[in-house]
Each structure stands twice: as C-alpha cells, then as structure tokens.
Amino acid sequence: MLWLHRSSRCFKFCLSSVTSLSSSVTIRTNSQCHLQLSLSSDGQFTRYANRSNKPLIATTKSFQQTHRTMADNIQYLDIPDKSATDKKIYKTILLPNGLHALIISDPSPVPHDGFTTSESSMGEGDETSGETESTNSSSEFTSSTSGSGRSSSDSDSEVGDGKLAACAILMDYGSFAEPREYQGLAHFLEHMIFMGSEKYPEENIFDAHIKKCGGFTNAITDCEDTVFYFEVAEKHLDSSLDYFTALMKHPLMKQEAMQRERCSVDSEFQQIVQEDETRRDQLLASLATDGYPHGTFAWGNLKTLKDNVDDQALHQLLHEIRRDHYAANRMFLCLQARLPIDELETLVLRHFADIPSNGVLAPDLSKFSYKDAFRAEFYEHAFFVKPVENVCKLELTWVLPSVRQYYRSKPDQFLAFVLGYEGKGSLCAYLRRRLWALELVAGIDDNGFDLNSMYSLFNVCIYLTDEGFKNLDDVLAATFAYVKVLAQADAQTLRTIYDEQQGIEETGFRFQPQRPAMDNVQQLVLNCKYFPPKDVLTGKDLYYEYNEQHLADLIGHLNEFKFNLMLTARKYEDLVFDKRENWFGTEYTSIPMPEKWQRLWNEVDPKSMPELFLPEANRFVTQDFSVYWHKMGKPLLPEAPKKLLQSEICELWFRADDKYELPEAYMYFYLISPLQRKSAKNDAMCALYEELVKFHVSEELYPATSAGLNYTFNVGEKGLILKVEGYNEKLHLLVESIAQAMVTVQSTLNENILATFVKDQRKSYFNTLIKPRALNRDVRLCVVEHMRWLMIDKYKCLNEITLKDLQEFSGLFPQQLYVQALVQGNYKEVHAQEVMNTLLKRLGCKPIQEHYYVEDRTVQLPQGAHYIRCHALNEQDTNTVITNYYQIGPNNVRLECILDLLMMFVEEPLFDQLRTKEQLGYHVGATVRMNYGIAGYSIMVNSQETNTSASHVEKRIEVFRNNMLQILEEMSQEDYDHTRDSLIKLKQVVDNALETEVSRNWNEIVNEEYMFDRRRQQIEVLRNLTKREIVAFLLDNEITNMRKVSIQIIGHLPDKTSKPKTKPLTNADADADADADVEKTPTQSEPNDDDKDDNDEDMESSDEDEDELFQALANKLNVVFLPQEGDATTIVDIADFKSNLDLFPTNLPNQQDNTKTTLLEDALMNT
C-alpha cells in the first residue's frame, strides 16, 4: 500500500479478507476514524465521513494492482540455512522502501494434549517457595511493567493446538548515536514511541490492545539498535500490526507526555542504580576516549532529560531523530506465525511497505579504532572499586577488535570456552582446590557495550574468597600462567579441542528445541542486522570453519600485558576510594599498575604449575541420538505421566516423549527432608550442604555441561531439588555423581572449607537482603506460610554453625527422605526405574518419621487490613516496594479461572492509572498467587521514596483495587467476551518445547495435586463463566472475606551532604552503603561496616577479630518492623502475629475442583 497523506492516513483497510464477499457489507472502523466503509457487490468500497456524505471510492482491483507492483519490486534474498529438525519455512525479503524482513511460517504439527501452555525465558530463584504465581501471562514469573501476558492461536478447539504469532522490529539507532548533550535520549525516544499515534491517538493504546488480546509487548534500547516486539494470538495479528506500525510511522510523542515518560525513565534508572554490574559498565564508559560514542550515559534520568533542558527544543529534537533514524531503510523486521508464508508476506507488505524511507545512513563507527577506544589510564592503571553488594572479584578486560568479523570461525567463543573451563586442568579448578575462588566467568558479554562495531571487551572475572583476596598475587600469577599455557599451546592441540567443540555446537544446533515465537523473533531480528541472510539462523551457533590465523590473532591480544585490571572489594590495603563516577556515584580509586604485577606477567612460568593444562577429551559427548518412540513404532501414549513407583520413601512418575522427537530427557527429583524446617540454623545449613555438594562435583561434571547436559541443585522449601536434563544417553551419570557426593561430602569437610562456604553464604544472603523487592518477597512469604524462616534469621545463624554441626547435618540429611521424581522424554520405563533405584541405593535413605515438618500449611490471615513495614537495608537505595496481598481461601479450578480473568481485566487499567497517569513507579503489576493450595492475588508497585511516600503509594493501590468492581461492571459484554476468549486461547497454546511440558507436570507433582489436565478443566470452566459471576464473587469477598496484608519496604531519601571519603577506610567507617533500617532502637549499634569480616584493616586479621566484626554486623543488619503508635493493624513481630491464627488444612476437601493453579513460581528473587 502506498503511503497516504495525513488527511486520509487513518483510512486503512484489509481488502484481502473481504473480496470474496458477494453481497454488501458495512465495516465500522475504530472510534478515532469516524468512518463507515461499505462494500458493494461489484467489489467497490465507499467511504463516508460522519460529517459528510461525500463518498471516496477505492477498488479492490487498484489495490491488487498496487500489491503486484510492490511485489515486482521486492528483492528475495538468500533463504537461511536451517537444522534438519526445523520444520519452519523461511523467506527473506527486501522491500522497495529498504526494510529488511525475515518471514517465518511455522506450520509444524503440534500435539493435541488439551492442557498445554506456552512459556518463554523461564528462570529459577536460588530458593524455591511453596508459592506459585500467575499474571495474565502464563510465561512470565512476574507481570511486566510494559505489558505482560500470553495468548494463543485462533483455534477454537479445546485441545492445546495453538501457537503464538510474534513480531520484532529493529531500528538501526541506539544510544551510541544520541547527542551527548541529551544523554539517554535514545532510551527516552523508545518510551515516547508508545504514547499514541496519529491513527490511534490514545496513550498506551497499542499496549492496551495487546493486553486485551492476552498478548505481551516490550522494547529495549541498546547501544547500536532499538528493538520493539510483541506476541499475540494469530487471530489478532493483523489488528496488532496495524496498531504497531501506526506507532512506527506517525507516533504522536506530544510534549505534555514528555514529563510523565521522563519520570518513567528516571524510575527505571533508580531501580538499577544499585546494581554492581551496571555500575561497572558505566565506570568503564567514563574511561572512553573523548569523542568516542561509548562514553555516553545510555540510561538517562531527570538530570540529563529535564534539568536545564528546554522542553520545546527537546520535543523538536525527539521528532527530528525519530524522522531521520526510524526510517524503513534503517529497519529490520522478523515476523513469525503459523500462517502460510505467502500470507505472511502479504501482511508484511500491507503494514510495512508504506513506512517512509529517507536514505539517512547509520552513524559510521568504522572511523573509531578499537586500539584507541579507551584512554591510556584504562590499561596503565589498576582500578579498585567499592561495591554495593558484598562481593570480591578480580576482572581482567582486554579490548579486542569487533569479533563480529570472525563469526564463521568464532575464535572468541573458543577462547571463552578454554579460559572459562572448570574441569580438570583448568584455572577455575586450580583456584577452587586452594579455596581462592568459587566461580570464574570468561568471554564477551552479549550486550552492546561489550560487543559492538568498534571493539569487543573480552573479560575474565574471578569471584574471590577471602583466602583468594589474601593471596591476590598468587591468583594473578595463576591467571597469567594459564593465559600463557594457551598462548604456548601447539596448533594441533588447539585444533583438536576446537574440533570437539565444533561438533558439540553442531549437535546442539541440530537438536535445538523450538524457542517461543517471541524469543525467536527477538534473537533473529538482531541476526538479520549482523549476519548475511543465509546465516541468520546459524550465525550465532555454528563453528563453520577453523581459522588458525583468526585464533592466533586473538591469542596474541590476550598474551599482551595490555588489559584493564579491576578489583571490586570493600578494601584493599590502605587505599582510599577518593573518586566517584558521575552518574551512578560509584566510589573507586586507581593507581599506576603495580610493578610487582608487571613482573608477575613477565616472569611467570606455566611449567611451574603443572596442574594447569588445556581441556582433555570430553567423556560426556553423546554418541547415540536414536529416538525410542521411533524404534517402538510410534505408538499412541497417554497424555499424562504414569506413576511407576510408590512407597514410603518415593514416588516416581514417567512419561515417554511422543511429541518433540528429540534425543533429550528430563529427570527431576525433590529430596524432601524434615531437617530443614526445624530451625533457621538448619535451613542455613541446608543451603551450605547444597553448595558443598555442587563444589564436590563441579570439576567432574563440568565437561558434561559443555557437552549438552545440564544440572541444577537448589534448596527448596523442605529439602533439595535436583534437576538434570539434556541428551539422554549419559544423563544418568549426573544423577549418580550427585547422589554419591551427597553421602561423601561429609568426610571432605574441614575448618577451612567451613569458613569459606559460611562466608560465601553470608554474602549470598546479604546480597539478597539489600534488594528491596527480594526483601519484600521474603517478608510476605514468612507472614503467609506456617513454617518459614526469615532470611535475616538464617543470616544471623551462620556464625553459630560449627564443623561438627555441618558434619552431622550432612550425615543426617540423606538418612530420612521422601523423594518425588519425574522422568520424562526420550527414555524407557525400565531405565527410569533403574535411575531411581540407583539414587535410593546410593543415598541409603529410610522413611521420614517426623511428618509435621514436611506438611505444607498456610496461615489464614485475619479479616481486615494489616500492615508490615521496614526500611530497605541499603541506605543508599531509594526504592520503595509496596505489595498488597489479598488472601481468598482454598483454591479450585473455578476460583483460579476467576482470578486469572480478573487479572487480565485490570492489568491495563492498573498500568495506565498507577504508572502512566500517576507515575508512581516504573514497575507495576497484578499477580495471582497460590500458597500451598490457598488462592489470593497481589498488587505491587516499585516506586522511589524520592518520588512519593510509601503510604501514598499504598493508598493509591487501595483506591485502584476499590475501583476494580466498577471497571468490571462498566465493561461491555463484547469486551468481556473478547477478554475471556483471549484467556481461553491462552490456555490452548501448545508447549513449544519438552521442558515446558515437564515443568507443568512437575508443578502438579510437587504440589501433590496431580491434575495433569488442568488446562482442559480451566477451559471448560471459562467457557461458562459469566461477568455476573465475577461481579458477585468480588462483592461477596469484599463483604465477607476481606483479608489483606500490605508489605512495605521503604526506601531512603538520599543524604545530599555525603561525599567520598577522604581518609583511609577503617573498621569503624569502611562502608555504610547497606546500613540497617533508619529506625534505630537503643539496643542497636551505631552505623557500621555492612560486612566487616570481609573488610578488616589488616587482611591477615585473626579469626577472633572476624567473629567480633561479624557479631557487630549481625546486630546492625536487622529487619526492624516499624511500629505505628496505637495502630493494632501494624505487625511488628511476625511470629507473634501468626501465633493465634488458624491454619488452612493440609488436605483440602474435594470441592468442585480441589486444585491449585499450575502457575509459575515467584521470581522476585531473580529480578
């Protein structure tokens, strides 16, 4: 379609969907157009304006002729190479306006299981909870501030046969190109784009449309590009593209909207301002050579976008940049759906062919040499940085040429594998054996600052223990030695390792599971920009060819004493943090590179460290890729898992794969023990035990993780959760190794190991506690769950743990267990039983005797509203997190459907009111929550105390909640039906990969509900659920069952008088970044170092001194719940509050539906 003039821009219609009609039909457009279109029997449209009867004529023939003309001018580029197992159809085209488009048709057959759902980017916290949560999204752990939710295809079948459509568009413009006087402008522009279009002028109308359809939308600004993307049911793809492209073509970006979105940008910045990794990047950016684009402050805040800024000039500049750089010739598009490839091409032409093109080119970064990207100080000085978190790490960062030019041979990825290897002979194993480090990461981060068109930052990051910090010179010597081992290796040795990795990557690509559509288009739209069309699918994954020269060049760079050395720690010798980075306020200092470290580099002899050598042949590489289901003749299999074993000590569930036809399997084990819940000390020891087991097997099993096998071993609510996954041939070896370590780790313990891991766990707890959202979650779950220890209590118990305590715990843990297990995938029943029997035999466990400690119980909150408040533990953190939790009661399928639907109804109004209009915070969300079968929901706002008070935010949340009934009552029946149908289609979406199906089944097993067809039952309920029923539910709950608790973690107002310290750090004043709450009691100590045991003035301080320092810290680092005089609804003691409350029963009676919703776990700990 040609680009129409402004007077008729809103006149856009789809002829292809109606030209087959033989009779007259009237099509009503959106409310902004004020038009009616009539199609007569001769195929002519007549357009009537509401205020005029003068018709405008357009014919289907003219449109078809225009379509054919555009099609004639389309360039069809190379079809991408794909895996043999990839059933999708691809087409790459270049439109006449210069827009590059990758079109993906996904016609692959999908399983008809009736209870599947789509999931994307799943993650896990370090600790699991008995709580699951749902937003209107079935794939996100928490609701997104810029929209969340999932939807499905347009199928009306009750079986899970839907797939989602997704679209991503990349603008070849990012923060590197923004004017330096308006830092953060590229990010600000991304926000402003969503503020309505000329065709659809209402702010956030696109976001509202997507949410109403159960979809998801978001955007991200990087250094060289900006990506907008959404996911929605195919039924709504055409209309969604119309809203979407209206924003790309003619966004309003009104001046009056700027202030609100500037606040949103600033709020987003405030949420990450305390993140050490982000602070590190900005510190490096401050070392950029003058005039180089990476020296900018890409986040932006009120200082850069409001203070001393002329709003009219800024508004004009926004439009100029959008016009110049958001042009078709600078756009890359990726569109995926199940529609036929030609229909998708038609959609692309209809919606994107008339985006204006202007011929303006992207800034030329080739003139900026990587050799001069950073000032000499970057290499010639050593940097010492004070962290927010309790962390100690050593980083070496080399500046390399942009490695995008080497994508076919990937020498950078190969070197990252070698230097980051953790198996036998590796640098990591060498440091671990000496307890100098527990983690090492190497390579180039996949973000625009570390990898761009100018340079690449190759980083080796070593997370040091206290012993490693004390032996820093020896750690550096070992690191230098391993670099030289690599540099001195003969070509054949390197080629042998390379060939093995090449084969592993090729196998991984060959058997790559399907990604969710939105994840896929986000990645591929970037690939479209940086790889030739033929390599769009393979460019990031395959080692195409070995290039000795490329590898030698990069090794040559690494084998040169020219890198940035950064030590992030609370203290180093008598150095003073006398400098402060401008935007994040990071305190640091730098000194000329110490001569002793230069001598180490020059004199170190790798032969003096025979423990260091390159990776050996990997015994875990899979050889057998046969699929058992094929060998069995592809029989029909039950949809639900089958119980193979049930006894006093275990239950084993199994399902063979007949859907994904890949040589992979999943084995999940929940090792339930009564020990963990007995005390906070036991809970802390369980975390130590978990870490020690992983430490014990890390060197042995790392080769498995590089060969396509993976495992996680984490603390759960009442035990440990082991998950292994990957190619099935050798998967059982991981289970056997971890089981063996569980029973042998006790004999390996000594005082040095205990001290190292206690301090590491202390840091882990501390770094979680200082995050307001994580603290909010911890307090909320402790209030709601019957047996749960506050993390601060576990933190305080760590110093009480003796070697004898931990040895006894390690010995006792395997003795009494109940094991829940699921084996699913390319496996046989007999083999699953063998794995289970081997696990039980090695553990030697017996039945649990004290069942009280493994029963999952939820507290019944009292009627009315209660409040629990405390200050954030980091006094530099302004973030306030308010979560209002509303408990309903025992769950069933009907109740969870009502709550799921309610969240879909209120999400967009919540976002629009609390974030867009009131600007209370960047992150706003409504979430369904399930705690051990007890349903509820929450509304959360992440604000800043500098923006508004916690009490005001809580009141505004409550005002909105009181309006929820009105929102529903005023909703038209048409809108109700539309939203309900979107949720039904959301439930019908097929699992993209085996892992998603396994996760659904696993949730049913660990929650002991076993409703494997939950989605089918939800659909049946939803089809008959009326608006009147939901209104009645809300009214009844408000009158008879209002149970609310408001959890408020209150941020701090900044101390404007604070300045960088100008004297050496001491034990008394080393750091106040994470002091305790502002509310001090007479028994609390004065502000002190937040983890002094790691900041002694003398690194060789005695254990006695460290114990005293820890005790001082433990007394200070405390969660103090703030009282409110005369207010009985304020909780100041959680245990006392819960002591007189009833508990919901362990086994709920069979009502209409005795189930919890299979919803995703709470992931606030991950954010």
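Colleague: Among contacts in the protein between residues at least 6 apart in sequence, what percentage join residues at least 24 apart?

Modeller: This is a predicted model, and its fold is built from 34 helices and 31 strands. When contacts between residues at least 6 apart in sequence are taken, the share that joins residues at least 24 apart is 82%.

Colleague: What percentage of the residues in the protein is buried?

Modeller: A residue counts as buried when its relative accessible area is under 20%. The accessible surface of the protein comes to about 43,300 Å², with 48% of that surface belonging to carbon and sulfur atoms. Of the 1167 residues in the protein, the buried share is 63%.

Colleague: Which residues have the most contacts inside the largest nonpolar core?

Modeller: The largest nonpolar core has 99 residues, and its largest share, 11 residues, comes from helix 20, which covers residues 680-705. Apart from this core lies another one of 66 residues, including Tyr 421 and Tyr 543. Inside the largest core, the residues with the most contacts are Phe 669 and Phe 813.

Colleague: Which tryptophan is in contact with Phe 669, once its neighbours within four places in sequence are left aside?

Modeller: With those neighbours left aside, the residues in contact with Phe 669 include Leu 720, Ile 721 and Leu 722, as well as Val 835, Met 836 and Leu 839. The tryptophan among its contacts is Trp 1002.

Colleague: Are helix 27 and helix 31 roughly parallel or roughly perpendicular to each other?

Modeller: Two packed helices are described by the angle between their axes and by the distance between the axes. Helix 27 (residues 893-917) and helix 31 (residues 1014-1023) have axes 9 Å apart and pack at an angle of about 70°. Angles from 65 to 115 degrees count as roughly perpendicular, and therefore helix 27 and helix 31 are, relative to each other, roughly perpendicular.

Colleague: How many charged residues are in the contact of helix 27 with helix 31?

Modeller: Helix 27 contributes residues including Arg 894, Glu 896 and Asp 900, while those of helix 31 include Arg 1014. By class, the contact has five nonpolar and two polar residues, and the number of charged residues is four.

Colleague: Is Asn 308 buried or exposed?

Modeller: Asn 308 lies in the loop between helix 7 and helix 8, and it has a positive phi of about 55° although it is not a glycine. A residue counts as exposed at over 50% relative accessible area. Because its relative accessibility is 85%, Asn 308 counts as exposed.

Notes
Residues are numbered from 1 along each chain as its sequence is written. This is a predicted model: local features need pLDDT of at least 70, side-chain atom pairs count only at pLDDT 80 or more; totals for chains, interfaces and linings use all residues. Side-chain values use heavy atoms; hydrogens and water are left out. A nonpolar core is a set of buried Ala, Val, Leu, Ile, Met, Phe, Trp, Tyr and Cys residues joined through side-chain atoms within 4.5 Å. Buried means under 20% relative accessible area, exposed over 50%, partly exposed in between (1.4 Å probe, protein chains only). Helices (H or I, at least four residues) and strands (E, at least two) are DSSP runs, numbered from the N terminus. Contact means heavy atoms within 4.5 Å. Axes are lines fitted to C-alpha atoms, for helices over the stretch in contact, and angles run from 0 to 180 degrees between N-to-C directions. Angles under 35 degrees count as roughly parallel, over 145 as roughly antiparallel, 65 to 115 as roughly perpendicular and the rest as oblique. Ala, Val, Leu, Ile, Met, Phe, Trp, Tyr, Cys and Pro count as nonpolar, Asp, Glu, Lys and Arg as charged, and the others, Gly among them, as polar. Accessible areas come from the Shrake-Rupley method with a 1.4 Å probe; for residues, only the protein chains shown count as cover.
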